Amino acid sequence: MSNSSATRPARAGGFTSRKLAPYLFLAPFLLLFIAFIVAPLVYAFYMSLFRDTLVGGRQFAGAANYVKVAGDAKFWGGVWNLVLFGVVQVPIMLGLALLFAIVLDRGQVYAKGLFRLGFFLPYAVPSVIAAIIWGYLYGPTFGPFTQMAKALNLPPPAFLSPGAMIFSLANIVTWEYVGYNMVIYYAALKAIPSDLAEASRIDGASAWQFARLIQLPLLWPAILLTIIFSINGTLQLFNEPFLMRFLARDVINSSYTPNLYAYSLATQNQQYGYAAAVSFVLGIVIAGSSYIFTLITNRRRSER
Amino acid sequence: MTKIFNPLGRTMQRRDFLKVAGAGLAVAALPAAVRAQEPVKVLLWSWVPDLQLQVDMFNAAHPGIQIELVNAGQGDPEYQAVRAGLQAGSGLPDVVQIEFQHLESFRQLDAFADIGPWANQHKAEFPEGTWSQLGKGDVVNAMPQDTGPMAMLYRKDVFDKHGITPPATWAEFADAAKKLHAADPNVFLTNALFSSGDWVNALLWPMGWKPVTRDGDKLVININDKIAKDFAAYWQDLITAGVIETKPGFTNEWYTGLDTGRYATWLTAGWGPVFLTSVAKTSAGQWRAADLPQWDASKFVTGNWGGSTLAVMKATQHLPEAAEVAIWLNIDPEATKLYTTKQFFFPTTKALLSSPEWAGNKMDFYGGQAVNEVFAKSSNAVAPFEWSPFQSVIYQSMADEFGAALNGNGTLSDAFDRIQDAVVAYATEQGFTVA
Amino acid sequence: MTATTDIAPFKAARRRPGERRRSRIFLTLLLALFLVYSFVPLVYLVLSATKSNGDLFTTFGFGFGTEFNLWQNLSDLFSRDNGIFSRWMLNSVLYSTVAGLGAAIFATAAGYAFAKFKFRGRDLTFGLVLGAVFVPQTALVVPIFLLLALSGLSDNPLGVILPSMISPIGVYLMRVYIEQGVDDELLDAARVDGAGEFLIFRAIVLRLVAPGMVTVALLSFVGTWNNYFLPLIVLRSQEYQPITVGLSTWYQLAQQGGGGGQVLFSIVITGALISIIPVIVVFLLLQRFWQGGLTAGALK
């Protein structure tokens, strides 16, 4: 600890004193945060306490909007759609990401770098573009898969039918995000000390035992993080169904997902206050689900 | 909805709205005397491609009034901007493009000025059905820019092959549908566009359907009346028999269906003929136009699908100038003629509708037929129609409920009932007194 | 930590060379299958961009068209609407770069504050920041739009750039990164030497956490580039729009048959191809950084 000259002022540069410093460092971020997240949220909450009517304008409604959301079949129908969606899509997506991360980390494949980059590439594609591309691919009469099916004399796959739409959307989301989650797991795996792997091999464990008994538990924080993000992303689904609507207006209705519902309430029905209330209730549902999930899994883990 | 097609693929310049606002502020700051010599700036929002051409013509002919043209989005995005401007009390243009079907919705928001004093002298230049939508009584809120009277485009080759003649009544249409599909299971007489609420509306229109009308202070909502039920029964019959398809329109699949002859007709509006030429290229020369089938052979009445107006906002600071803009751009002979040749609009003025040049234009795509004549005839037979003050909500509900019905959730008739319930609930909740 | 099974030592998981190679091949094939899946839409994109509009729907999706039309498509793409596509690309580059840089700097500064200082309300504020991740975007976008309209800032690129500089994930990542990667002693030493806080931050901390910063910048860059809903609502003028909104507007136009109908389809698909190139390039260039950055991040 060098202790040179006489410059030992208690200050440390005028206004960059140690006490003030954290606030100053925090300030730019916090200012933006308040301006573009806190303020709009407060405003949205304020809006949600009012009803917008074409006759009579804006009227104070108190909690009436929230009561209405609680009983709104369209809202809960949309939530249910996404629960079904998530229960299938999230485990598959995260499972694949985990598998690939472990395999790549283990190194027992050729062309590791190519795989790492290739899997991550879909994440670079904006969801809007992805929806457009998959829309072309799903084409019921002239899409490439239909062309191939016809060539083989098979019935064309009905990607855009009501029964299949959820899975078709799930496919797009999976395609987009497996790479992203894989990268997170891969980074976490790299943080595990390598002597653990050595030790376990010496002890005679097989590769998959090592994965199951050592890597997974150590990976748990990362997995929990991605699950929570996935819950969040799933319940907020908007871009993909919004763009698929043009291809299948009869399947994706205006309340297919809660965000679509809020959007159409605001833009078509001009019910801004109610749309805000819907968004808030959605936020509560998301936060609640994440919290409950964390509680359950923590309890499960501490019981082990 | 106005269908814009522009095979040449160029649109007008955009101007920075902020620049205009800034310029407006600067002008307002000048002393009045100086200001009087400055041309009045009128801000026009429109998504019409290449409208700058007509704007330039106007600017050249009016040294005292200059139009600033901005494309604020096509359809919904622009309407949202207008609503936001109405809420915020600022940021509105002087003249704005609004489709016929949404005029009443904005009237509900008290968005418009009355340009009757300047416009009523031109009333005789437009068909009655068109003019009646511009305002009640002597009040005029907007000027018609383009319309979409309904008729039928059909594939002559498909008809000839199966010995079918263009049906003149809906009864004949149903028979032809069954006959055609029986002869060739891969062909359908038409693809009914239940995915497009405005298309359904256009077919109910000539039947005298009055979904939402005002009776004094009250709103009368009759969406699922006998007319709707008859209509639903008619189409449900054809759908159940499997002789027509109901796929969503304006998708690649649908275009290719038209092109390959899977669909032998397209019940469409005046902008349809040119639109078809750009999406069904390989079937050029095979199409023809015929009158819209009628429910009653002794009368000839049609409906309208799409079309826009230029409306003048109440918030404008320059009412006479704005009125002049809205009016001139839609009555000037050269400007309106340019709409038909450059933007391929279906004209609104009687002058153009009956002009030999436009009406007699023989199109190769239609085997040399002057299809515009068919649609011009339809234009003069469009019945009056009253729009609701929340048309977006009705279209949304139609899309949702027809979609549900076509996917097995009840019949079209049930769908109309559900729409009725939804709209009544919405109207009541919005403060209307529903009779 | 020993294995919990009782595999006898001689049954150690030493495989014979043949077996190891076989499982290597098997795993490679498995991964290759998914790689194909990842690439299928992109291959379709590239192939379709080379086709003329007529060929788009008449020739086989995964094959070539009757003619190589890429140059014509590109020319149509960049000349349409007075070259607005280039403008959109420029906008996306501008917004994403500025937002990425801003997000990295602000998140690092904020993360530093959380990581290395004790102050009142620290944990509460941090919790709030993280909680922001769960706010549905529709809840925010309409109020942001209205607030901007009220303050006269609507249809202004700042309405997209500024919100995009907020990266709660970035703050979290940088906090963890700094906690792990920056020694308290180093900082104290510098303080004793009389260095001001800002100097410490600039000269010491930033240098140490550069990989993490690149990660945050990259995440924000990609997030802003891909953002659709915010610019859709907040920007109105075509010339301010980023590529996501612009392309989807053309796509919707094409679907509705407006603006030249079919010609638009080939333009949209070619535009989609061009629009993903910058992000891929940025990924490739910054590869070493973000992989290193993520390693230390978040995963404790």
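Mentor: B:Asp110 is partly exposed, because its relative accessibility is 46%. The cut-offs are simple: buried means under 20% relative accessible area, exposed means over 50%, and partly exposed lies in between, with a 1.4 Å probe and protein chains only. Bear in mind that this is a predicted model, where local features need pLDDT of at least 70, side-chain atom pairs count only at pLDDT 80 or more, and totals for chains, interfaces and linings use all residues. Residues are numbered from 1 along each chain as its sequence is written, chains are lettered from A and ligands numbered from 1 in the order in which they are written, and side-chain values use heavy atoms, without hydrogens and water.

Now the partner. B:Lys314 forms a salt bridge with B:Asp110, and the closest N and O atoms are 2.7 Å apart. The two sit 204 residues apart, so to speak in distant parts of the chain. B:Lys314 is in the loop between strand S11 (304–312) and helix H14 (319–331) of chain B. B:Asp110 is in the loop between helix H5 (100–108) and helix H6 (116–119) of chain B. Helices (H or I, at least four residues) and strands (E, at least two) are DSSP runs, numbered from the N terminus. B:Lys314 also counts as partly exposed, because its relative accessibility is 47%.

What makes a pair a salt bridge? A side-chain nitrogen of Lys or Arg must lie within 4 Å of a carboxyl oxygen of Asp or Glu. Side chains of opposite charge can pair when their charged atoms come close. By this rule there are 23 salt bridges over all chains. In chain B, a network of salt bridges links B:Glu104, B:Arg107 and B:Arg214.

Compare that with a pair in chain C. C:Arg191 forms a salt bridge with C:Asp188, with the closest N and O atoms 3.2 Å apart. The two are separated by about one helical turn, because they are 3 residues apart in helix H9 (residues 184–192) of chain C. C:Asp188 is partly exposed at 33% relative accessibility. C:Arg191 is buried, with a relative accessible area of 15%. C:Arg191 also meets C:Glu197 in a salt bridge, at 2.6 Å from N to O. C:Glu197 is buried too.

B:Arg155 lies in strand S5 (residues 151–155). It counts as buried because its relative accessible area is 5%. Its side chain makes a polar contact of 3.0 Å with the side chain of B:Asp157. A polar contact is a pair of N or O atoms within 3.5 Å; within protein, one must be able to donate a hydrogen and the other to accept it, and residues adjacent in sequence count only if both atoms are side-chain atoms. The side chain of B:Arg155 also reaches the backbone oxygen of B:Leu258 at 3.0 Å. Leaving out residues up to four places away in sequence, B:Arg155 touches others including B:Tyr263, B:Ser283, B:Gln286 and B:Trp287. Contact here means heavy atoms within 4.5 Å.

Step back to the whole of chain B. The chain has 20 helices and 12 strands. Of its 435 residues, 61% count as buried. Among contacts with a separation of 6 or more, 76% join residues 24 or more positions apart. The C-alpha atoms fill a box of roughly 80 × 50 × 35 Å, taken along the principal axes.

Salt bridges also matter when counting across chains. Between chain A and chain B the count is 1 salt bridge. A:Lys68 pairs there with B:Glu429, and the closest N and O atoms are 3.1 Å apart. The same interface of chain A and chain B has 12 residue pairs in polar contact, both at pLDDT 80 or more. The contact takes 31 residues from chain A and 28 residues from chain B.

Between chain C and chain A the count is 0 salt bridges. There are 4 residue pairs in polar contact between chain C and chain A, both at pLDDT 80 or more. Helix H1 (residues 17–49) of chain C gives the most to the side of chain C that touches chain A, with 19 residues. This contact takes 112 residues from chain C and 105 residues from chain A.
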